[in-house]
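My notes follow the order in which I looked.

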Amino acid sequence: MPYFPPPGSITICEINRHLTTAESLSDDEAKDTYGKILGMVFSPVPFQPNGDQETRDLQRPSGVFKSMQAFAYRHIFHHNHVNLLQEVDFKGVSWHEHKHMIAFISAPNQVVIHDYEDSEGKDACILTCDAQRDIKVIEWRPNGGNSISVACKGGICIWSASYPGNAASVRSGSTSSLGALSRGSGKRWTLVDFFRSDNDEQISALSWSPDGRYLASASHESSSFTIWDVAQGIGTPIRRGLGGISMLKWSPTGDYFFTAKFDGTFYLWETNTWTSELWSSTSGFVTGATWDPDGRMVLIAFFGSATLGSIHFASRPPSLDAHLLPVDLPEIVSLTGSQGIEKIAWDASGERLAVSYKGGDEVYRGLIAIYDARRTPLISASLIGFIRGPGDDPMPVTFSFHNKFKQGPLLSVCWSSGFCCTYPLIFHSHNLA
């Protein structure tokens with residue numbers, strides 16, 4: 001039977017298909033469960049959506065956040081997209097590829113970075129500057145050291161960490177207001193570049209190539225998306241006539257690229273010649289998409305649907321021959337009484353799938369469903385149980401997996417109650433069976 005966290009409890013972790021809960025939010029419970037296995041504890045990071053907050057505010061759980069969705073999704077669509085505003089799965093939390101360092105959107109103009117390995121810098125850093133307005137998406141740069149991209153109004157901020165004797169390098173010739181430093185007692189972060197969008201457009205989608213050389217960006221206001229050569233600071237528009245883009249997803253191998261639009265269509269691209277195939281959905285527009293670890297399948301969530309779609313490529317790159325098959329998650333409706341899937345995240349092992357859903361009855365409202373996923377040969381998923389967040393009436397706002405944590409997936413969730421919590425999912429891999 002799927003594990004259900006009792007009302008008033010708080011989920012701590014998974015250990016071999018059992019989701020452990022506690023009565024209160026405390027590091028002691030974590031130490032007694034997964035801490036003995038992992039040798040470390042991922043403490044919750046409290047935050048407040050106050051644009052003028054100081055770093056010390058992150059240590060105070062009072063005045064917790066109640067309206068992250070409201071500030072994260074304001075003023076980014078034309079009037080004809082207003083009804084779709086809160087359906088888009090913006091990536092508001094991101095793990096560093098190789099380190100125990102997490103970043104999340106904490107306020108309209110701020111990003112919080114917390115390094116669990118930094119014993120000297122207990123406080124989280126706040127990234128903020130005049131150019132960073134109305135943040136929508138954040139994503140760490142692969143193979144780029146400590147560098148993170150922030151999609152905002154008017155362009156993309158690129159931040160890098162500076163160390164004593166090893167300052168971050170600002171790109172030569174950049175004309176943005178560079179050199180702004182974050183506030184915090186740990187690492188110091190420098191705004192090393194700012195890629196300006198045309199006509200001060202709102203950047204609402206980002207995706208890095210897996211080698212970290214190129215950054216793809218899009219605005220719902222633009223008729224194309226852009227591929228940036230980050231070292232040169234040069235952006236190349238791809239395919240005019242693609243207005244209304246809601247998301248971009250580069251495949252883990254770099255061979256393929258996924259784009260979705262608000263009109264219910266989406267495109268599969270091969271990145272050798274940047275040719276594409278147009279697909280059309282009858283299940284509503286795409287609200288979430290995630291690649292499998294091998295870059296040969298895409299798992300897709302559709303607006304108002306309780307069934308996921310999986311795209312399977314029939315042959316090797318650069319072929320675009322593919323099939324779209326359903327992935328049924330019947331418990332999302334039958335058990336929770338929800339109105340369909342809202343957001344999804346798939347870990348890099350391909351064995352854990354996290355799903356949030358719209359609505360739900362009083363008992364199941366605001367939980368995240370955790371599935372055991374398999375890909376042999378088609379994607380299937382069995383429900384393990386549910387995660388319940390801390391605070392009053394917590395709702396999952398955004399969540400993401402750590403893709404390279406060796407001891408099992410780490411799922412991080414920003415809750416509407418004002419906490420960013422990390423849940424280790426520890427299990428025996430069926431890939432090793």
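These entries go from the whole chain to single residues.

**Ground rules**

I am working from a predicted model, where local features need pLDDT of at least 70, side-chain atom pairs count only at pLDDT 80 or more, and totals for chains, interfaces and linings use all residues. Residues are numbered from 1 along each chain as its sequence is written, and side-chain values use heavy atoms, with hydrogens and water left out.

**Overview**

I began with secondary structure. The protein has three helices and 30 strands. Helices (H or I, at least four residues) and strands (E, at least two) are DSSP runs, numbered from the N terminus.

Next I looked up burial. Of the 433 residues, 59% are buried. Buried means under 20% relative accessible area, exposed means over 50%, and partly exposed lies in between (1.4 Å probe, protein chains only). The accessible surface comes to about 17,400 Å², and carbon and sulfur atoms hold 48% of it. Those areas come from the Shrake-Rupley method with a 1.4 Å probe; for residues, only the protein chains shown count as cover.

Then I checked contacts, meaning heavy atoms within 4.5 Å. Among contacts with a separation of 6 or more, 52% are between residues 24 or more positions apart.

What does N16 touch beyond its neighbours within four places in sequence? I found I426, F427 and H428. N16 sits in the loop between β1 and β2 and is partly exposed, at 39% relative accessible area.

I also looked at P46, in strand β3 (residues 45-46). P46 counts as buried at 13% relative accessibility. Its C-alpha atom is 9.4 Å from that of C414, which is 368 residues away along the chain.

**Salt bridges**

Side chains of opposite charge can pair when their charged atoms come close. I took a salt bridge as a side-chain nitrogen of Lys or Arg within 4 Å of a carboxyl oxygen of Asp or Glu. The count by this rule is 10.

I picked out E14 and R352, whose side chains meet at 2.8 Å, N to O. E14 is in strand β1 and R352 in strand β25 (residues 352-359), so this pair ties together parts 338 residues apart in sequence. I then traced a network of salt bridges that links E14, R17, R352 and D372.

My next pair was D393 and R365, also a salt bridge, at 2.8 Å, N to O. D393 lies in the loop between β27 and β28 (396-402) and R365 in the loop between β25 and β26, so the pair ties together parts 28 residues apart in sequence. R365 counts as partly exposed, at 37%.

The last pair I noted was D229 and R213, a salt bridge at 4.0 Å, N to O. D229 is in strand β14 (residues 225-229), and R213 is in the loop between β12 (205-208) and β13 (214-218), 16 residues apart. D229 is buried at 17%, while R213 is partly exposed at 46%.

I searched for cis peptide bonds. One runs from P317 to P318, with omega near 10 degrees. P318 is in the loop between β22 (307-313) and β23 (322-328). Another runs from T376 to P377, with omega near -15 degrees. P377 is in the loop between β26 (368-374) and β27 (380-387).

R17 has a phi of about 75 degrees. R17 lies in the loop between β1 (10-15) and β2 and is partly exposed, at 40%. D134 has a phi of about 50 degrees. D134 sits in the loop between β7 (125-127) and β8 (137-140), and is partly exposed at 25%.

**Surface charge**

Which residues form a negative surface patch? I listed E23, D28, E29 and D32. Patches take residues with over 30% relative accessible area and no salt bridge, joining like charges within 9 Å and nonpolar side chains (Val, Leu, Ile, Met, Phe, Trp, Tyr) within 5 Å. Asp and Glu count as negative, Lys and Arg as positive; His and the chain ends are not counted. The place of a charge is NZ of Lys, CZ of Arg, CG of Asp or CD of Glu. E23 is in the loop between β2 (18-22) and α1 (27-38), and counts as exposed at 75%.
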